[in-house]
Amino acid sequence: MRFTLNDTLVDVAGLSPMTTLLDWLRDHRGLRGTKEGCAEGDCGACTVVLERDGGREAINACIVLLGQVDGQSVRTVEGLRGAEGAPHPVQTAMAEADATQCGFCTPGFVMSALAFASGGNTADTGSIHDALAGNLCRCTGYRPIVEAMTRIAGLAVEPPPAAPAILARPASVVFDGAFFAPRTLDELLDLRAAHPDALLLAGATDLGLLASRARKPPKQVIHLRHVPELAAISTTDDRITIGAAATYAAATSTLVEAFPALRSYLSRLGSRQIRNMGTIGGNIGTASPIGDMPPVLLALEASLTLVSKRGTREIPLDDFFLDYRKTALAPDEIIQSISMPRLWEGESFHCDKVSKRRDQDISTVAGAYRVRIRNGKIEDARLAFGGMAATPRRARAAEAALLKDGFAAAIAAVGEDFKPVDDWRGSADYRLQVAANLLRRLELRLADPQRVLEVEAL
C-alpha cells in the first residue's frame, strides 16, 4: 500500500489492509495526536484529513481501513505547520480563543477546522454547526471552539499539494490476498463472481465497525471506490442517477437541487466525516430497517441497476428489500447505480427523521412522502417509513386511505401497515404515534407551507 502521510511518501507492507488507519497511525507511526474515543465514527477524536481533488475532507480514521487510503494523501494534526515552522493559522485561532480545554478532543477539532477553512465556508451558525456536528468535546467547551471557527471561516488556507504521480494506479491491485481494489467495472464483476462471499466495501462507515469496535476485521473485501461507473453522477431533464459508490458529499448538491427538503435531512445523516466517505449504495446494500436513505428513495420511486457477469437488470427499490437484512441482490451481483425521477408538476416532497438526539444518531422513525396535488385534490401519494418494520417499507394502506378519504383516514390506517417492535430506541406504540404525527405534519405542510417552515426553524 502506498500513500502520502503529511507530505511524505509511505509504503506499507507486511501489515493487514484491514488494519484501521487510526491503529496504524498510533501503533506503527507513533502519531498519537489522533485519538480513539468511540471507535465507531461518532465522536470525531480520530478526525484526519484526506487531501484529494484539490480539496480537503475530514474523515474518521477509526473506521477507515488502511487499504482504502492506498493512492490517497492523508494529513494528521502533526502535519500542520505555518510559514517557516510557525503554528498553522487554524492552530493559532484555537489557541487564541482558549478552545483547547483538556486537549483530548482538540486534534480532531483542529482537523475538522482545517477542512472547514479550506472549503470556503462562511462564519454563519449553521455552517459552523454542520462542520462540528461530528466532533464531541468532553469538557463541553463549545463556545470558544465556535469562536475559533468564526475566526478561520473564509481564511485563505493554502491548497493541498498535488499528489505525486507515483501514487496513481492504472490497474487493479490486491493486498494480502484479501483486499481487492478493481479499477474497471469488468474487473469488479470478475472479482465478484470469483469471490461471492467477499464483503463489498464502499465507504466503510458501517463495515469499518467490524475492524474498529468489534475487532473482527472482514476476511475479504472488494473495494468499490475506484470504479468510475460506480462513482458517476448524471442528470437529465427528468431523471437523476447516482452511482452506488458516490459519496453523500459528492451527491448532496445534485439531490438538494432536485429535492430541496433533503437539505436539512442530509445534514443530519451522520457528520461531514461520515458523508465524506459514506455512500447511498452502501446504505441500501446493508438493508438496515433504520437506514436514513431507503425511505426517501422509496418515496421518490427509485430503481436500482444491478449488474453481474450475466448481464444487467433494473429493479424497483420497492422489490429490493425482502426481509430483515435480506435483499434481492444475487451473490454475483453489485448495485451499480440508483435512479429516480424528478418531481412532476404539482408534486411536492418532504421527509423527516426522528431520533433521540439531533446529530449523529440513528433514526427511531424516518418518513418520506411524495404527493401530487391537482386542482386542490391529492391524486397520487407515496408514503415510506423506516424503523417501523423489518425492512424500510411503503405505507400502502395509508396511501390508499389518503387518496380515498384524506389525512384523518391515512393516519388511522398506519396501524394496518406496520407492526413495529419494542426496543431501546422506542416502543411499538411510540413508533406508531410518531408515524401518525408525521403524517399530520405533512398535512399541515401542504396546507400552509410557509407557516410550517417558520415553526420548524424555531
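Analyst: Glu40 has a relative accessibility of 24% and therefore counts as partly exposed. The scale behind this calls a residue buried under 20% relative accessible area, exposed over 50%, and partly exposed in between, using a 1.4 Å probe and protein chains only. The model is predicted, so local features need pLDDT of at least 70 and side-chain atom pairs count only at pLDDT 80 or more, while totals for chains, interfaces and linings use all residues. Residues are numbered from 1 along each chain as its sequence is written, and side-chain values use heavy atoms, with hydrogens and water left out.

Glu40 forms a salt bridge with Arg213, and the closest N and O atoms are 2.4 Å apart. A salt bridge here is a side-chain nitrogen of Lys or Arg within 4 Å of a carboxyl oxygen of Asp or Glu. Side chains of opposite charge can pair when their charged atoms come close. Glu40 lies in the loop between helix 1 and strand 3, and Arg213 in the loop between helix 7 (208-212) and strand 9 (221-223), so the pair ties together parts that are 173 residues apart in sequence. Helices (H or I, at least four residues) and strands (E, at least two) are DSSP runs, numbered from the N terminus. Arg213 has 52% relative accessibility, so it counts as exposed. In the whole structure, a search finds 36 salt bridges.

Two strands count as paired if DSSP finds at least two bridges between them. Strand 3 (residues 47-52) and strand 5 (residues 73-75) run antiparallel and are joined by 2 bridges. Leu50 has Val74 of strand 5 as its bridge partner.

Next come other salt bridges. Lys353 and Asp292 meet through their side chains at 3.0 Å, N to O. This pair links distant parts of the chain, 61 residues apart: Lys353 is in strand 17 (residues 347-354), and Asp292 is in the loop between helix 12 (280-285) and helix 13 (293-299). Lys353 has a relative accessible area of 8%, so it is buried. Asp292 is buried too, because its relative accessible area is 10%.

Glu333 forms a salt bridge with Arg313, with 2.7 Å between the closest N and O atoms. Glu333 sits in the loop between strand 15 (326-327) and strand 16 (334-341), and Arg313 in strand 13 (residues 311-316), so the pair ties together parts 20 residues apart in sequence. Glu333 counts as buried because its relative accessibility is 2%, whereas Arg313, at 33%, is partly exposed. Salt bridges that share partners also join Glu301, Glu347, Arg370, Arg372, Arg374, Glu379 and Asp380 into one network.

Strand 11 (residues 239-243) pairs with strand 16 in the antiparallel sense over 5 bridges, and Ile240 stands opposite Met340 of strand 16. Strand 12 (residues 303-308) pairs with strand 16 in the antiparallel sense over 5 bridges, with Val307 facing its bridge partner Ile334 in strand 16. Strand 12 and strand 13 pair antiparallel over 6 bridges and form a hairpin with 2 residues between them. Within that pairing, Thr305 stands opposite Glu314 in strand 13.
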